[in-house]
Number of protein chains: 2
Amino acid sequence: MLGASARTGGTMTRGKDGAMTSGTAMKGGGYYSLATVGAKHVIDGATPLVLEALAAMAPERAKGLFTMADMGCADGGTSLAMVEASLRAVRKAAPERPIAMVYTDQPTNDYNALFQNVGTRLEAIGNLTVFASATSFYRQILPPGSLDLGFSATAMHWLAKKPCDIPDHVQAVGARGAALEAFAAEARTGWGAILASRAIELKRGGRLVLVNFCKDEAGNYLGWTGGVSMFDTFNRIWRDFLAEGAITADEYTRMTLPQYYNTLEEFSRPLKGPDGPAYGAGLRLEHIETRIVPCPFAADFKHHGDRARFASAYIPTLRSWTESTFHGALDADRSELERRALIERYYGTYEALVAAQPEGHGMDYVHAYMVIRKD
Amino acid sequence: MLGASARTGGTMTRGKDGAMTSGTAMKGGGYYSLATVGAKHVIDGATPLVLEALAAMAPERAKGLFTMADMGCADGGTSLAMVEASLRAVRKAAPERPIAMVYTDQPTNDYNALFQNVGTRLEAIGNLTVFASATSFYRQILPPGSLDLGFSATAMHWLAKKPCDIPDHVQAVGARGAALEAFAAEARTGWGAILASRAIELKRGGRLVLVNFCKDEAGNYLGWTGGVSMFDTFNRIWRDFLAEGAITADEYTRMTLPQYYNTLEEFSRPLKGPDGPAYGAGLRLEHIETRIVPCPFAADFKHHGDRARFASAYIPTLRSWTESTFHGALDADRSELERRALIERYYGTYEALVAAQPEGHGMDYVHAYMVIRKD
């Protein structure tokens with residue numbers, strides 16, 4: 001597993017915001033800045049799917065504990081409304097069943113922030129207990145046959161490890177040849193491990209609702225839906241740093257995000273019968289579709305038209321999930337001060353670029369929405 | 001519920017150490033400084049009771065998930081060896097049963113430290129999942145009928161709230177009249193709530209092993225086993241501060257620790273049949289005894305004989321679980337700097353007192369060890 005940096009960044013995409021690096025205070029108790037609005041939109045948009053899955057499961061037809069899990073929960077903020085709506089639906093359908101809500105993320109997640117955010121919000125549902133787990137979703141998190149409803153959003157694109165450095169790009173969307181193959185293989189192994197672990201955990205009739213970054217049917221992915229490619233911009237600035245001698249070739253190459261965006265085919269493959277391993281473990285793909293949720297910063301810019309404001313609002317969210325990887329790519333023999341300065345200049349360059357020519361910049365979310373049943 | 005201060009102090013008695021205030025780094029991975037040795041001794045000493053309780057439960061006679069909980073776990077460090085030994089015993093008796101280990105504490109506990117400390121230590125047991133809960137043990141933490149083995153050490157003396165200020169002392173051991181009655185009543189209500197919640201959570205045949213601070217048959221309690229009374233010393237220095245005008249009468253009075261040490265009679269009462277409410281809920285007191293675990297600092301002093309060393313090692317552990325209450329007692333209109341200075345001088349005075357005349361100082365642990373069965 002990678003250390004704190006990579007996945008923290010990942011969870012920050014979803015659950016936290018650029019505020020940590022931009023200096024805006026993040027208030028507790030349901031307030032979130034613009035930087036999490038997009039991630040929350042994605043989850044809010046998935047809520048009807050979750051409620052449909054719940055209705056199909058018919059919690060009233062079973063007894064005993066009903067367990068829901070949010071895997072890759074970060075600080076729990078962006079999913080709280082969805083979790084509350086879902087568990088209220090369970091409570092309504094099955095007034096007598098005890099409910100366990102399990103928030104899970106990797107060991108380096110901030111669980112103190114999670115417990116603070118969730119607070120007493122779910123208490124009114126009644127007969128409900130809340131837990132956290134620090135076990136990666138690449139492994140078994142819950143006891144066998146204990147999970148009714150598993151949810152995950154904008155988390156599973158973070159690989160368990162970086163299979164190799166990408167020689168000429170910062171993200172697998174720009175990888176070719178052997179590097180692309182290595183990333184695809186790592187993602188295939190990882191997705192298989194995710195499904196195998198969930199197959200063990202799910203009760204029969206239980207459901208997974210997974211909202212994962214993807215490469216959609218038209219080739220869109222996060223930050224690339226026409227316009228300027230976010231990852232190409234990341235790469236171009238980093239390459240310019242190399243060209244001007246600000247960073248070494250090794251530093252350029254090491255900046256490789258441990259992420260991969262599966263296609264629908266890649267997501268579906270292990271779930272196809274009769275030979276797919278997840279299919280063999282009892283998992284059935286009930287539903288898969290892709291959706292694009294527009295970048296809230298770019299949308300905001302269309303209203304206010306202020307280039308500098310757009311740039312200064314937009315960059316912190318990119319920074320929140322990439323900074324630790326950039327930082328980690330820099331040579332260990334650089335002083336911390338030197339590293340900080342390079343990082344500041346890097347994001348400053350990106351911001352100046354957006355402010356100078358904002359058109360086409362933005363981070364539209366491109367997700368695959370899946371519902372998977374355990375038979 | 002009280003805020004972070006009180007119970008954080010409480011868990012620090014057990015799980016953390018004076019290192020946080022003394023400047024000694026606490027290493028992860030099983031290293032603990034002297035300040036936690038006493039708390040760990042207490043839990044290690046309770047391990048045979050836990051293993052006996054487990055043997056009586058015979059995990060091999062049941063199927064399905066085996067759930068153990070450590071309630072008031074703090075950072076999980078001092079109980080790790082006991083938890084590991086217990087779950088290894090479960091694994092040996094019932095190789096096929098999945099195990100869930102649930103660490104619980106109040107919402108303000110440091111769960112990041114907990115997950116770091118537990119790390120991968122329990123993984124080798126196999127088919128085991130680890131969770132945390134941030135729900136107070138005065139409430140239901142686990143689903144009904146789900147708990148096999150509940151453990152708690154050196155945590156349940158922290159009351160859910162301070163019922164009143166004690167006019168002439170800092171702790172209930174020095175309270176009289178109406179104040180003493182209010183503390184006893186609060187503790188009675190709290191102990192009732194603890195047992196009622198556990199009665200809901202426990203499976204039939206499940207056990208609780210509780211190691212709680214108490215007032216023993218001879219009237220001993222934490223820091224008072226003959227010699228100098230730790231709490232009287234706390235009170236005397238605080239009263240001197242009042243006498244010299246360093247603090248106000250309100251500040252003197254507000255320094256009231258929200259703690260109570262039950263007697264064996266008070267612990268046993270709700271468990272007595274046929275009218276005890278916990279008895280009525282199916283709980284049976286299988287075993288109760290008191291033990292004294294000697295202060296490791298005083299024991300160390302007997303060997304090295306260095307007064308200053310004893311004083312400087314001993315005070316941080318007292319400070320770790322009292323400082324936040326002293327801090328909170330100071331007027332809100334004092335500057336933080338002023339408060340810090342008063343607090344420093346307070347513990348400095350205590351340290352000088354111990355260094356000048358160390359004989360009789362020390363914090364012997366006085367606990368009641370209980371085993372409770374659910375019928």
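1. Let me begin where the chains meet. Between chain A and chain B the count is two salt bridges. One salt bridge pairs the side chain of B:Glu123 with that of A:Arg139, at 2.9 Å from N to O. Please keep in mind that this is a predicted model, so I would read these as computed values throughout.

2. The rule finds nine residue pairs in polar contact across the interface of chain A and chain B, with both residues at pLDDT 80 or more. On the side of chain A that touches chain B, the elements giving two or more residues are α5 (111–118) and β3 (128–133) of chain A. The largest share of that side, five residues, comes from β3(A). By residue class, the side of chain A that touches chain B divides into 14 nonpolar, eight polar and three charged.

3. How much area is buried between chain A and chain B? The figure is about 1800 Å², and carbon and sulfur atoms give 57% of it. In chain A, the residues that lose the most area to chain B are A:Asn112, A:Phe115 and A:Phe131, which together make up 27% of what that side buries. In terms of contacts, 25 residues of chain A touch 25 residues of chain B.

4. Over all chains, the structure holds 56 salt bridges. Side chains of opposite charge can pair when their charged atoms come close. One example to check by eye is the salt bridge between the side chains of A:Arg198 and A:Glu201, at 2.6 Å from N to O. Both A:Arg198 and A:Glu201 belong to helix α6 (residues 177–201) of chain A, where they sit three residues apart, about one turn of the helix.

5. Next, a helix pair in chain A. How are α11(A) and α12(A) oriented relative to each other? The axes of helix α11 (residues 296–304) and helix α12 (residues 307–329) of chain A come within 10 Å and cross at roughly 170°. That angle is over 145°, the cut-off for roughly antiparallel, and α11(A) and α12(A) are therefore roughly antiparallel to each other. From α11(A), A:Phe297, A:Ala298, A:Asp300, A:Phe301 and A:His304 take part in the contact, meeting A:Arg307, A:Arg309, A:Phe310, A:Ala313, A:Tyr314 and A:Thr317 in α12(A). The residues of this contact divide into six nonpolar, two polar and three charged.

6. Finally, some backbone geometry to inspect. Most residues other than glycine have a negative phi, and most peptide bonds are trans. In chain A, a cis peptide bond joins A:Gly273 and A:Pro274, with omega about -5°; A:Pro274 is in the loop between α9 (264–268) and α10 (277–280) of chain A. In chain B, the peptide bond from B:Gly273 to B:Pro274 is cis, with omega near -5°, and B:Pro274 is in the loop between α9 (264–268) and α10 (277–280) of chain B. A:Thr154, although not a glycine, has a positive phi of about 55°. Look for A:Thr154 in the loop between β4 (147–153) and α6 of chain A.

Conventions
Residues are numbered from 1 along each chain as its sequence is written. Chains are lettered from A and ligands numbered from 1 in the order in which they are written. This is a predicted model: local features need pLDDT of at least 70, side-chain atom pairs count only at pLDDT 80 or more; totals for chains, interfaces and linings use all residues. Side-chain values use heavy atoms; hydrogens and water are left out. Axes are lines fitted to C-alpha atoms, for helices over the stretch in contact, and angles run from 0 to 180 degrees between N-to-C directions. Helices (H or I, at least four residues) and strands (E, at least two) are DSSP runs, numbered from the N terminus. Angles under 35 degrees count as roughly parallel, over 145 as roughly antiparallel, 65 to 115 as roughly perpendicular and the rest as oblique. Contact means heavy atoms within 4.5 Å. Ala, Val, Leu, Ile, Met, Phe, Trp, Tyr, Cys and Pro count as nonpolar, Asp, Glu, Lys and Arg as charged, and the others, Gly among them, as polar. Buried area is the accessible area (1.4 Å probe) that two parts lose on being put together, summed over both. A salt bridge is a side-chain nitrogen of Lys or Arg within 4 Å of a carboxyl oxygen of Asp or Glu. A polar contact is a pair of N or O atoms within 3.5 Å; within protein, one must be able to donate a hydrogen and the other to accept it, and residues adjacent in sequence count only if both atoms are side-chain atoms.
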